[in-house]
Amino acid sequence: MTVLVIGGSGFLGTELIRQAAMAGHATAATYATRPGTTSHVSWHLLDLRDPGRVDAVMAEVGADLVVNASSGDADWAVTARGPVRLAMAAAKCGSRLVHVSSDAVFSGARVHYDESCLPDPVTPYGAAKAAAETGILLVHPQAVVARTSLIIGDGRSEHERLVHELAAGTRDGALFTDDIRCPVHVADLAAALLELACGDAAGVHHLAGPDAVSRHELGTLIARRDGLDASRLPTGLRAHSTLPGALDVRLDSRATQRKLSTTLRGAHQFCTTPT
């Protein structure tokens with residue numbers, strides 16, 4: 001099977017490439033600014049805003065499976081329109097598609113969200129991700145839309161770098177005690193995405209860990225794992241900040257977990273020791 005990872009130079013994309021190659025799949029990947037460092041991968045420059053380039057890359061690679069792990073932040077052209085354009089190309093080529101979405105599609109008003117819950121975003125980024133979900137499933141009904149949460153990974157994630165910098169006193173900021181999510185380990189997430197891709201799943205699935213923790217609690221777990229002084233981590237309330245977005249969003253992944261052999265570990269488990 002030939003696998004194409006969109007956004008292959010990113011954090012999740014790098015892990016997807018590693019696992020796809022280890023499974024023996026011919027692997028290609030795209031990048032927006034610079035290719036990744038992973039060897040034995042065919043790298044392709046791709047701007048999701050360019051329909052001609054999307055079609056060209058799809059034709060060049062001839063992928064059986066496309067996994068979209070790209071992130072365009074709140075840029076509507078990249079985050080909302082781009083994935084729909086990719087889904088149209090995948091459908092035309094007969095390629096299976098797995099699109100990685102986010103818990104940012106929810107407002108937090110109901111706290112607990114399973115796959116049946118309709119998006120109600122409160123940020124431009126969340127709105128763009130929600131629009132992408134709707135468009136993708138309209139043009140490619142057999143696609144998988146996989147919502148996830150904070151992605152952590154043995155020191156390589158943005159949140160882990162933040163924890164180290166805050167503990168060292170080299171960065172200003174605070175870890176919120178009222179901002180709650182269900183973190184997932186990048187290795188578990190990549191494995192689950194590829195498992196869904198290789199089956200007959202379609203539609204919306206949730207891939208997050210079972211532990212709901214605040215950003216400060218997660219930071220404390222990371223600090224203890226890495227031998228840092230957790231007492232040096234400053235705390236704060238997101239409700240008292242100017243940052244937009246939901247406070248408490250807990251993805252319920254139990255329905256999807258029952259379909260998988262991959263175990264989505266909780267933060268208390270994967271932060272105990274590095275994998």
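Modeller: Let us begin with a sorting rule: Ala, Val, Leu, Ile, Met, Phe, Trp, Tyr, Cys and Pro count as nonpolar, Asp, Glu, Lys and Arg as charged, and the others, Gly among them, as polar. This is a predicted model, in which local features need pLDDT of at least 70 and side-chain atom pairs count only at pLDDT 80 or more, while totals for chains, interfaces and linings use all residues. Residues are numbered from 1 along each chain as its sequence is written, and side-chain values use heavy atoms, without hydrogens or water.

Biologist: How do the residues of the lining of the second largest pocket divide?

Modeller: That lining holds six nonpolar, four polar and four charged residues. On a 1 Å grid over the protein atoms alone, a pocket is an open set of points with protein on both sides within 12 Å along at least five of seven lines, a cavity is a set where a 1.4 Å probe fits but cannot get out, and lining residues have an atom within 4 Å of a point.

Biologist: Which residues lie nearest the centre of the second largest pocket?

Modeller: They are Gly209, Pro210, Leu251, Asp252 and Ser253, out of 14 lining residues. Strand 15 (250-251) and helix 8 (254-257) are the elements that give two or more residues to this lining. Helices (H or I, at least four residues) and strands (E, at least two) are DSSP runs, numbered from the N terminus. The pocket's volume is about 220 Å³, where a volume is the space filled by probe spheres set on grid points joined across faces, edges and corners.

Biologist: How many cavities of 30 Å³ or more does the structure hold?

Modeller: It holds one. The largest cavity contains about 40 Å³ of space. Its lining is made of Asn68, Ser70, Ser71, Gly72, Val78, Thr79, Pro83, His99 and Lys129. Of these residues, two are nonpolar, six polar and one charged.

Biologist: Which element gives the largest share of that lining?

Modeller: Helix 3, with three residues.

Biologist: Where does helix 3 bend?

Modeller: A bend is the angle between axes fitted to the seven residues ending at a residue and the seven starting there. In helix 3 it is about 40 degrees at Gly82, and a proline, Pro83, follows within four residues. Now try the length: the expected span of a helix is 1.5 Å times one less than its number of residues. Helix 3 has 18 residues, and its first and last C-alpha atoms lie 25 Å apart, close to the 26 Å expected.

Biologist: Which residues of helix 3 are buried?

Modeller: Buried means under 20% relative accessible area, exposed over 50%, and partly exposed in between, with a 1.4 Å probe and protein chains only. The buried residues of helix 3 are Val78, Thr79, Ala80, Gly82, Pro83, Val84, Leu86, Ala87, Ala89 and Ala90. Their cover includes strand 1 (2-6), helix 2 (51-61), strand 4 (65-68), strand 5 and helix 4.

Biologist: Trp76 lies in helix 3 too. What does Trp76 touch?

Modeller: Contact means heavy atoms within 4.5 Å. Leaving out residues up to four places away in sequence, Trp76 touches Arg81, Ala127, Ala128 and Ala131. Trp76 and Ala131 are 55 residues apart in sequence, yet 9.2 Å apart in space, C-alpha to C-alpha. With a relative accessible area of 39%, Trp76 is partly exposed.

Biologist: What do the buried residues of helix 4 pack against?

Modeller: They pack against helix 3 (76-93), strand 5 (96-102) and strand 7 (144-148). The buried set is Gly126, Ala128, Lys129, Ala130, Ala132, Glu133, Gly135 and Ile136. The 16 residues of helix 4 (residues 124-139) should span 22 Å, and the end C-alpha atoms are 23 Å apart, which agrees.

Biologist: Is helix 6 mostly covered or mostly open?

Modeller: Mostly covered, with ten of its twelve residues buried. Among them are Val186, Asp188 and Leu193. Helix 6 (residues 186-197) should span 16 Å, and its end C-alpha atoms are 16 Å apart.

Biologist: And the loops? Where is Val111 found?

Modeller: Val111 is in the loop between strand 5 and strand 6 (112-113). Its phi is positive, about 70 degrees, although Val111 is not a glycine. At a relative accessible area of 22%, Val111 is partly exposed. Arg110 lies in the loop between strand 5 and strand 6 as well, and is exposed at 54%. The C-alpha atoms of Arg110 and Val249 are separated by 8.0 Å, although the two are 139 residues apart along the chain.
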